[in-house]
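The exercises below are about how two chains touch each other. Work through each task with the structure in view before you read its solution.

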Amino acid sequence: MPFEIQTEADLAGVEAKARSIQSSKRPAVLSVAELMALEVAPPSMLIEGVLPASGASLMFGAPKSNTTLFAVQTAIAVASGHALLDYDRVIKPGPALIVEQDDPAGAASLSDILRRSPVPVEGIPFYLAPRVPFTFGLELLEWLEAEIVQKALRLIVLDSYTALRGPRTAGVDIVKAEQNDLTMLDELAKRTGCAMEIVHHDSKGSAGLEWSSKAAGTFAMSAATGAQIHISRFPELDSNASERLVRIRGRHLEGTEMVLRFRKDTLDHEHVLEGGVAPFYPILLQLQTAFGGDHHRQRALLPRTGYVALAGSTMVGYIAGHLTTRHDCAGEVLVAPEFRRRGIASTLLRCLADWFLEKGASRVCVCVDANSPAAQPFYQNLGASPLSFQEVLVHLAKHHGLTQSRSILARSDSSRINARLVGIATQSAGWMIGCLERVADGNVGYQGPDTR
Amino acid sequence: MVEGEKDVEKLREYGFAATTNAGGANSPWLPEYTEVLRGREVILVPDNDPPGWRRVSIIAKALFGQAARIRVFDLPTNTKDISDWFVAGHSECELIAMLEGVHAV
């Protein structure tokens, strides 16, 4: 019933009512039986292994790491049904919309990307909204929902979170505000069965953080989205290098890591390799160099050889060597940290030494990382003595190991190691050494024992 | 004065002059809102939940002594908001009759 406020006592009455009223929302508490009876829809994907079919995903990276371009590429893949990067299958092709708020020349650059796209784009349901008159809020949500329904959109790319964010008034709880922004987008996307990619940038000073914590803003940014896709450059490669490391993690998503290469001519990325080895791509490049034609170009001689240590189907170490005109031989060796101190490195070296002896070499030059406490004693125990500083090639190894290199075995063609396994040199409990031979034409990949 | 645009629209449909403030139940009540309502007869309709009542309690305090008259329409239990009340089968005439018959607590 209505009542009137005439006195201070009436006011106090309203206050008391505000304190005493119980929320009609009661938290639900479920038993095991009720939990088991829940029907859980299997998570479905829009792009296999990359993007969930509904809900918001955060796509972020440092400036100039091609975050927007990769987002556009996913939109082209979804709209055309053509596999992303010629590699990741689009499960539910359909219309895609890009909201370009970040780049004032957005329409021009997108037009350029489309014109150069190696994927045929004519007539595909790909839309661009260059600049919308909204920031996050009801208006934007209503407009997005209308677009999703009208165009039957499968994917919306919002470029970018920062550009679409409204001004924050003083005293606003930023964690709440960001969570609120992202949660509303996520809810809209889930309700309408549409995927939403929100483009964002790394925060300044996030260099030391684990990649999934790098998104600028609060933890709410990644907590409120179903999947996170992070794009970065390799600090080990020079600043013009076109390779990018993409790391994907999501609630119902098997984590993926892959290396992409930016192509200037077609303004897109090509797939280089995928798997746990991706973060170690710079080391792979060195391995490739060891088997390729560029290593010590003036001094390296053919033939070249190498050995890999395998634990099951995982490569846990390798050695590569060749004759040179400068010293008699050179070799490089690397063993994954968790497989060290089991004699793998010395066995690898012995295998290579046998090969050197067979080729008539009299001295072996090894490259030792001066910063590695284990490397020097290792070689000295095997009888090596340090060369002068100028003579020692300090490279490789660093402190990384090649781990989880399943992908090398499975997809050696894309990692372009121009070598193949020609035999098993030696075996031991838990690991074995296989012998690699350089392949002249460069197209045959290394084959592990499980793929032969 | 209701909570949210949906309720404003609903009341306007029935010919009432209705308004709300931006940002939902937890957004601050600004002095300029009080200015707009100075000397007017105001009927506060809280959403039937703790934030709704907290909001109305704050607005009532702000309007006390400023508005010509302040009434609170206390929705029945299990009625979420004024739209819900109409959905439950109540009419605008009923609302007017209830407000006319209002007396001090």
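**Exercise 1.** Find which residue A:Ile5 stands opposite, and then describe how the two strands pair.

*Solution.* In this predicted model, A:Ile5 stands opposite B:Ile70, which belongs to strand S2 of chain B. Strands here are DSSP runs (E, at least two residues) and helices are DSSP runs (H or I, at least four residues), both numbered from the N terminus. Next, S2(B), residues 69-73, pairs with S1(A) in the antiparallel sense over four bridges, where pairing requires that DSSP finds at least two bridges between the strands.

**Exercise 2.** Work out how many residues each chain gives to the contact, and how much area is buried.

*Solution.* Taking contact as heavy atoms within 4.5 Å, we find 17 residues from chain A and 22 residues from chain B. Buried area is the accessible area (1.4 Å probe) that two parts lose on being put together, summed over both; for chain A and chain B this is about 2000 Å², with 68% of it on carbon and sulfur atoms. On the side of chain A, the residues that lose the most area are A:Pro2, A:Phe3 and A:Glu4, together 32% of what that side buries.

**Exercise 3.** Find how many salt bridges cross the interface of chain A and chain B.

*Solution.* The rule asks for a side-chain nitrogen of Lys or Arg within 4 Å of a carboxyl oxygen of Asp or Glu, and it finds three salt bridges across this interface. One of them joins A:Lys17 to B:Asp74, at 3.8 Å from N to O.

**Notes.** Residues are numbered from 1 along each chain as its sequence is written, and chains are lettered from A and ligands numbered from 1 in the order in which they are written. Local features need pLDDT of at least 70 and side-chain atom pairs count only at pLDDT 80 or more, while totals for chains, interfaces and linings use all residues, and side-chain values use heavy atoms, with hydrogens and water left out.
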